[in-house]
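Trainee: Could we go through this model together? I'd like to begin with how the parts of the chain meet.

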Amino acid sequence: MAEPKVNELMEKIVSLSKRRGFIFQSSEIYGGINGFWDYGPLGAELKRNVKDLWWQSMTRDREDVVGLDATIIMHPKVWEASGHTSTFSDPMVDCKDCKGRFRADQVDNTPCLKKPSKMVTECGSDKTEPRAFNLMFKTYVGPVETEDNVAYLRPETAQAIFAQFKNVSDVSRQKIPFGICQIGKAFRNEINPRNYTFRSREFEQMELEFFIKPDEIAHAQGGAPAEEAPTDSPESNWGWKQWHGYWVNQRLNWYESIGLPSDSLELHWQTDDELAHYARATVDIMFKFPFGVQELEGVAARSNYDLTQHQEHSGKSMEYFDEEAKTRYIPHVIEPSAGVDRMVLALICNAYHEAMIPNAKGVMEKRIVMRFHPSVAPIKVGVFPLLKNKPELVEKAKAVYDLLKPHFNCFYDEAGAIGKRYARQDEIGTPYCVTIDFDTLGENPDLLDTVTLRERDTTNQSRVTIQDLLATLKSGLGLP
Ligand code: GAP
């Protein structure tokens with residue numbers, strides 16, 4: 001059920017991801033299931049690192065954002081209020097010949113199911129008129145499958161934040177402006193899942209809803225003029241434009257901090273036609289994937305649309321009493337909304353390099369090196385005894401492994417020639433390897449209790465004392 005290969009680079013990335021255990025097709029032994037992907041041992045580590053780094057920067061490093069962990073299934077009225085029940089749909093056409101269902105806006109570049117060499121628009125078959133197809137997955141709560149028991153798997157994590165706005169603001173003692181963030185699964189019955197994990201049917205989102213004063217309140221309190229560029233030090237009386245600009249900058253800085261350079265990203269300001277019904281402005285942060293420049297994250301100014309809708313549909317007040325302004329209002333919101341799976345895919349694509357590296361005999365070889373930023377690399381350090389059949393080397397290497405393991409994810413490997421072991425770690429993006437050899441044991445007394453430290457990107461090797469090893473690695477990995 002895998003989709004057609006897009007280009008040679010993507011083919012290599014998909015193949016490496018499977019071979020080294022980053023990403024597998026879900027239910028592969030049964031032929032897979034379209035739009036669903038599993039993360040293998042290295043992919044699970046990479047994904048966890050991304051989520052931990054996002055959580056750290058969005059809430060733990062800040063005093064004005066708190067977290068939430070809400071359910072995937074919520075009261076169906078949540079989706080009525082948010083507009084998803086009526087508007088979360090794509091116009092679809094059905095092909096009367098191959099019976100495929102395609103997004104009306106994508107028929108031009110989607111292969112026909114019966115004639116894969118042709119595009120759906122060119123295959124010559126009749127199509128139905130476009131019809132709306134709701135993207136929410138439906139299920140039933142309880143044993144009886146009636147319309148009264150219908151519920152949906154959430155298509156975004158954001159709505160739980162709005163639905164819990166009152167509870168969270170009551171318990172957290174936060175004052176506007178403040179945010180609530182959440183990481184969790186979202187589900188969309190995408191018509192054409194494609195570009196590997198990029199458009200999946202089950203995926204994870206990392207969303208922040210940052211609640212701000214309505215512009216009239218902010219400006220009454222001397223807020224900065226809307227044209228003024230935001231700085232890195234937020235002001236409580238900023239209007240939505242400053243907050244919007246601030247969050248776009250924050251997110252761009254974060255992408256750079258995890259190793260996506262600014263020249264791999266582009267900003268796309270959505271046009272009026274593209275804006276969602278709730279948005280005043282949305283900036284898409286786009287990444288240059290091998291299959292094109294595509295959205296990683298949207299930073300939307302959602303006005304007070306969602307809270308107003310929930311107030312109307314639930315009958316519960318969503319108003320906030322602003323002690324500073326001595327007035328009540330429904331807060332407005334800025335929403336940076338990112339996809340974990342897209343970010344992982346962007347990191348994998350960005351890390352993929354083919355380099356000419358000398359093998360053990362000094363002959364140059366083409367090798368894959370995954371140049372992950374150390375903060376996201378699934379394994380930080382590989383630890384090797386030079387030879388596995390020398391118990392003294394193995395014992396010392398295991399002691400070094402035990403020394404490092406509590407501090408970062410390490411991998412102990414004694415199988416095969418040392419060059420092969422370096423190559424295996426390069427291919428999964430391990431920033432450092434440590435080798436324990438006879439000099440470590442004192443064959444050259446000057447080098448007693450020193451190890452070889454090899455850097456992935458430069459392949460440089462240096463000698464470091466075991467005593468200094470942890471501090472050297474921490475500094476190289478950018479850890480405190
Ligand atoms: N709450 C706003 C919201 O959900 P969105 O642009 O529909 O906005 C936000 O989704 C992010 O979620 C996207 O930028 C993308 O990273 C991720 N995302 C959305 N649909 C996805 C899909 N089908 N597969 C993988 N990631 C997806």
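Trainee: How many salt bridges does the rule find across the interface of domain 1 and domain 2?

Mentor: The rule finds zero there, a salt bridge being a side-chain nitrogen of Lys or Arg within 4 Å of a carboxyl oxygen of Asp or Glu. Keep in mind that this is a predicted model, in which local features need pLDDT of at least 70 and side-chain atom pairs count only at pLDDT 80 or more, while totals for chains, interfaces and linings use all residues. Residues are numbered from 1 along each chain as its sequence is written, and side-chain values use heavy atoms, with hydrogens and water left out.

Trainee: Where are the domain bounds?

Mentor: The assignment, which is an automatic or database one, gives domain 1 (8-80 + 137-347), domain 2 (89-134) and domain 3 (379-477).

Trainee: And how much area do domain 1 and domain 2 bury between them?

Mentor: They bury about 610 Å², with 43% of it on carbon and sulfur atoms; buried area here is the accessible area (1.4 Å probe) that two parts lose on being put together, summed over both. On the domain 1 side, Ile191, Asn192 and Arg194 supply 76% of the area buried against domain 2, which is more than any other three residues.

Trainee: OK, so how many salt bridges are there in the whole structure?

Mentor: The search finds 24, and one of them joins Arg371 to Asp457, whose closest N and O atoms are 3.5 Å apart. That pair links distant parts of the chain, 86 residues apart, with Arg371 in the loop between β18 (364-370) and β19 (381-385) and Asp457 in the loop between β22 (450-455) and β23 (461-465). Strands such as these are DSSP runs (E, at least two residues), and helices are runs of H or I with at least four, both numbered from the N terminus.

Trainee: Changing topic, which peptide bond is cis?

Mentor: The bond from Ile176 to Pro177 is cis, with omega near 10°, and Pro177 is found in the loop between α6 (165-172) and β9 (178-187).

Trainee: What about the backbone at Tyr196, is its phi positive or negative?

Mentor: Tyr196 has a positive phi of about 65°, although it is not a glycine, and its place is in the loop between β9 and β10. Most residues other than glycine have a negative phi, and most peptide bonds are trans, so both features deserve a look.
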